[in-house]
There are 2 protein chains.
Amino acid sequence: MDRTFAALADPTRRRMVERLMRGEASISELAGPHEMSMPAAMKHVARLVEAGLVSREKRGRSVICRLEPGPMEAASRWLDENLAAWNARLDALDLYLAKQKDQGK
Amino acid sequence: MDRTFAALADPTRRRMVERLMRGEASISELAGPHEMSMPAAMKHVARLVEAGLVSREKRGRSVICRLEPGPMEAASRWLDENLAAWNARLDALDLYLAKQKDQGK
DNA sequence: ATGTTACTTAACCGTATGGTTAACTATCAA
DNA sequence: TTGATAGTTAACCATACGGTTAAGTAACAT
């Protein structure tokens with residue numbers, strides 16, 4: 001999870017992920033819109049791969065990258081579960097306060 | 001968003017967030033279960049505050065921290081929207097492949 | 001065979017991160 | 001007033017991050 005969130009903490013990598021949502025892409029295609037050197041793009045892709053967000057496959061002289069949704073789903077689940085718990089607690093608090101007010105009559 | 005994901009990329013900070021889900025806590029309460037020095041805890045809290053995930057309020061000689069759900073909701077939304085787009089694309093691909101197969105008859 | 005394209009690796013640089021210790025301030029209790 | 005508690009600040013340290021340039025390898029086109 002550490003690596004997932006860390007990978008998504010960089011705007012360039014989030015743009016890469018957004019691009020990969022719309023289908024496979026080579027490393028240079030991912031680098032394209034970002035005005036960056038190949039080594040920089042490689043490092044970003046490497047971090048996405050380390051996080052399990054992306055898989056790589058050598059095809060001819062290109063390396064095509066594909067999105068792996070697992071880690072993002074896990075991150076989403078963590079956020080949703082925690083937000084749900086937080087909302088549940090607030091609801092319980094509201095209910096408690098309403099009851100207190102009611103008793104105060 | 002950078003700061004939100006970066007803040008959540010550290011396990012200690014995620015534990016702090018999980019703790020804050022269950023209600024307010026002082027900095028030393030947040031540091032408690034993690035066997036860490038106060039300065040370390042302070043830096044983690046500072047990063048959570050910078051990311052907008054937590055607000056601080058001085059109360060007596062303690063500083064109580066409260067969770068602010070906005071940034072987490074935004075992060076959750078980004079993940080969900082992108083995962084939905086990815087699933088939609090896969091569904092469309094399946095449909096296309098099914099149609100191809102049908103024509104092949 | 002030569003050149004071009006796509007990727008890789010190595011070395012380096014400045015800055016940020018996560019942690020420490022030590023010294024300081026502020027609040028509350030005895 | 002003396003002392004303990006909670007927090008803060010400053011200085012330092014090792015490692016990781018995001019980027020660069022330079023020099024390499026692998027695959028394809030002519």
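**Entry 1: ground rules and sheets**

I count two strands as paired if DSSP finds at least two bridges between them. Helices (H or I, at least four residues) and strands (E, at least two) are DSSP runs, numbered from the N terminus. I also noted that this is a predicted model, where local features need pLDDT of at least 70, side-chain atom pairs count only at pLDDT 80 or more, and totals for chains, interfaces and linings use all residues. Residues are numbered from 1 along each chain as its sequence is written, while chains are lettered from A and ligands numbered from 1 in the order in which they are written.

In chain A I found an open sheet of 3 strands in the order β1-β3-β2, with antiparallel pairing. β1 (25-26) and β2 (54-59) of chain A are at the edges with a single partner strand each, so one side of each has no neighbour in the sheet. I then followed β1(A) to β3(A): they pair in the antiparallel sense over 2 bridges, and A:Ala25 has A:Cys65 of β3(A) as its bridge partner.

Chain B has an open sheet of 3 strands too, ordered β1-β3-β2 and antiparallel. Its edge strands are β1 (25-26) and β2 (54-59), each pairing on one side only. Here I looked at the other pair: β2(B) and β3(B) run antiparallel and are joined by 6 bridges, with B:Arg59 opposite B:Ser62 in β3(B).

**Entry 2: how the chains meet**

I superposed the copies by least squares on the C-alpha atoms of residues with pLDDT of at least 70 in both. A rotation of 180° with 0.0 Å of shift along its axis puts chain A on chain B, at an RMSD of 0.0 Å. That is how a two-fold axis relates two copies.

For contacts I used C-beta atoms, placed from the backbone, within 7 Å of each other. By that rule, 24 residues of chain A are in contact with 24 residues of chain B. On the chain A side, α1 (2-8), α2 (11-21) and α5 (70-103) each give two or more residues, and α5(A) has the largest share with 11 residues. By class that side has 15 nonpolar, 2 polar and 7 charged residues. My classes put Ala, Val, Leu, Ile, Met, Phe, Trp, Tyr, Cys and Pro as nonpolar, Asp, Glu, Lys and Arg as charged, and the others, Gly among them, as polar.

Which surface do the copies use? They meet through the same surface, because 100% of the interface residues of chain A are also interface residues in chain B.

I call a residue near a strand if its C-beta atom, placed from the backbone, lies within 6 Å of it. DNA strand C has 21 residues around it, and A:Ser26, A:Ser28, A:Ser62, B:Ala40 and B:Gly60 are the closest. The elements giving two or more residues there are α3 (27-31), α4 (38-50) and β3 (62-67) of chain A, plus α4 (38-50) of chain B. The largest share, 5 residues, is from α4(B).

For DNA strand D, 21 residues lie around it, and the nearest are A:Ser37, A:Ala40, A:Gly60, B:Ser26 and B:Ser28. This time the largest share, 5 residues, is from α4(A). The surface near DNA strand D divides into 9 nonpolar, 7 polar and 5 charged residues.

Conventions: Two residues are in contact if their C-beta atoms, placed from the backbone, lie within 7 Å.
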